[in-house]
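Please take a moment with the sequence and the model shown below, and keep both at hand while reading. The paragraphs that follow go from one place in the chain to another.

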Amino acid sequence: MTILVTGATGTVGRHVVEQLAKRGADVRALARDPAKANLPAGVTVVQGDLLDVDSIRSAFKGVSTLFLLNAVVPDEFTQALIALNVAREAGVERVVYLSVIHSDRYVNVPHFAGKFGVERMIEQMGFNATILRPAYFMNNDVTIKDVVTGYGIYPMPIGSRGLAMIHARDIGEIAALELIRRERAATPLPLTRINLVGPDTLTGAKAAAAWSEVLGRTIAYPGDDTAGFEKNLRQFMPSWMAYDMRLMSERFLTEGMVPEAGDVERLTALLGRPLRSYRDFVSEIAASA
């Protein structure tokens, strides 16, 4: 009974693999370059690319459960549809898919709309599936540490509605628990969607306050400049991706990423411990070199 993890060397996928391995699961990790994967002992690493159908067919042989994670790339939707079709062809019945919170509401944001399309396909294909819908990853804010510490501002335009930021380690552990629950169930389990949120819903001002508290000096929130955000992102990512991120941030301002009633309690019970807080995350990265 083998669990295949796609995106296995990324921010979330690596945690999924580690948590599965820790729990004694038979894990197969898909990587473009297995030599660089650096995954735990006992994990089988296979070479593959989600657009290379032959490599995917080979990787899916003998797999019973799939963890599907697609990077934000121009052909993300195509990659997901190919993976699901090949999974069905290979006899895989169980899927845990990493979507995004409000995929059904942020309809103009490319990578949200694509994930919602994948959710619909999973439903219509009748997979025994869990659809995980994470809010904003705290870990995204690793990239702004130097701006915060160097310029005294929290630059992400996240607005005043609030984002229930979640740590990638919590996402990875919840995903592993769901994969094992489905893998080991005696009978097929119904499709379920789970919002993945952190314990606090953070506005721009609250995120800046967390940095202020940890650093011991005032960090300001300069406001909701989504055009400036896009311009800054274009310095280190393609223009289409920077624009996608701007569209997402505009929805942060109008809707936020707010948990539904009971989300935090459900996840806390599932993990058997509290969710990681944003303040603890800031403390962790502020202390790192």
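Arg234 is partly exposed, because its relative accessible area is 48%, a value that falls between the limits of 20% for buried and 50% for exposed. As everything here comes from a predicted model, such values describe the prediction. Arg234 is found in the loop between helix 8 and helix 9, and, leaving aside its neighbours within four places in sequence, Arg234 is in contact with Ser239 and Ala242.

Two packed helices are described by the angle between their axes and the distance between the axes. For helix 8, which covers residues 226–233, and helix 9, which covers residues 239–254, the axes come within 9 Å and cross at roughly 155°. Helix 8 and helix 9 are therefore roughly antiparallel to each other, since angles over 145 degrees are counted in that way. The crossing in which helix 8 passes helix 9 is right-handed. On the side of helix 8 the contact is made by Thr226, Ala227, Phe229, Glu230 and Leu233, while helix 9 contributes Ala242, Tyr243, Met245, Arg246, Ser249, Glu250 and Leu253. Sorted by class, this contact of helix 8 with helix 9 has seven nonpolar, two polar and three charged residues.

Pro157 is found in the loop between helix 5 and helix 6, and Pro157 is buried, with a relative accessible area of 2%. Not counting residues up to four places away in sequence, Pro157 touches Tyr221, Gly223, Asp224, Asp225, Thr226, Phe229, Ser249, Phe252 and Leu253. Along the chain Pro157 and Ala227 are 70 residues apart, and their C-alpha atoms are separated by 9.8 Å.

Which kinds of ring pairs does the model hold? A search of the whole structure finds four aromatic pairs, and two of them are described here. In one of these pairs the rings of Tyr154 and Tyr221 have their centres 6.4 Å apart and their planes at 40°, so the pair is tilted. Tyr154 lies in the loop between helix 5 (145–151) and helix 6 (168–184), whereas Tyr221 lies in the loop between helix 7 (204–215) and helix 8, so the pair ties together parts that are 67 residues apart in sequence. Tyr154 is buried, with a relative accessible area of 0%. Another tilted aromatic pair is formed by Tyr278 and Phe281, with 5.9 Å from centre to centre and 40° between the planes. Both Tyr278 and Phe281 lie in helix 11, residues 278–287, where they are three residues apart, about one turn of the helix. Tyr278 is buried at a relative accessible area of 1%, and Phe281 counts as buried at 2% relative accessibility.

Phe281 leads on to an asparagine. Asn139 has its place in the loop between strand 6 (128–134) and helix 5, and with a relative accessible area of 17% Asn139 is buried, because that value is under the limit of 20%. Leaving aside its neighbours within four places in sequence, Asn139 is in contact with Thr11, Ile166, His167, Ala168 and Phe281.

Helix 6 takes part in a helix packing of its own. Helix 6 and helix 10 (residues 263–271) pack at an angle of about 70°, with their axes 10 Å apart, and helix 6 and helix 10 are therefore roughly perpendicular to each other. The crossing of helix 6 and helix 10 is left-handed. Asp170, Glu173, Ile174 and Leu177 of helix 6 make this contact with Leu267, Leu270 and Leu271 of helix 10. By class, the contact of helix 6 with helix 10 has five nonpolar, no polar and two charged residues.

Most residues other than glycine have a negative phi. Phi of Asn38, however, is near 55°, a positive value in a residue other than glycine, and phi of His102 is near 60°, likewise a positive value in a residue other than glycine. Asn38 lies in the loop between strand 2 (26–31) and strand 3 (44–47), and Asn38 is exposed, with a relative accessible area of 68%. His102 has its place in the loop between strand 5 (94–98) and helix 4 (110–125), and His102 is buried, with a relative accessible area of 6%.

Methods
Residues are numbered from 1 along each chain as its sequence is written. This is a predicted model: local features need pLDDT of at least 70, side-chain atom pairs count only at pLDDT 80 or more; totals for chains, interfaces and linings use all residues. Side-chain values use heavy atoms; hydrogens and water are left out. Axes are lines fitted to C-alpha atoms, for helices over the stretch in contact, and angles run from 0 to 180 degrees between N-to-C directions. Helices (H or I, at least four residues) and strands (E, at least two) are DSSP runs, numbered from the N terminus. Angles under 35 degrees count as roughly parallel, over 145 as roughly antiparallel, 65 to 115 as roughly perpendicular and the rest as oblique. A crossing is left-handed if the near helix is turned anticlockwise from the far one by less than a right angle, and right-handed if clockwise. Contact means heavy atoms within 4.5 Å. Ala, Val, Leu, Ile, Met, Phe, Trp, Tyr, Cys and Pro count as nonpolar, Asp, Glu, Lys and Arg as charged, and the others, Gly among them, as polar. Rings of Phe, Tyr and Trp (its six-membered ring) pair if their centres lie within 6.5 Å; planes under 30 degrees apart count as stacked, over 60 as edge-to-face and the rest as tilted. Buried means under 20% relative accessible area, exposed over 50%, partly exposed in between (1.4 Å probe, protein chains only).
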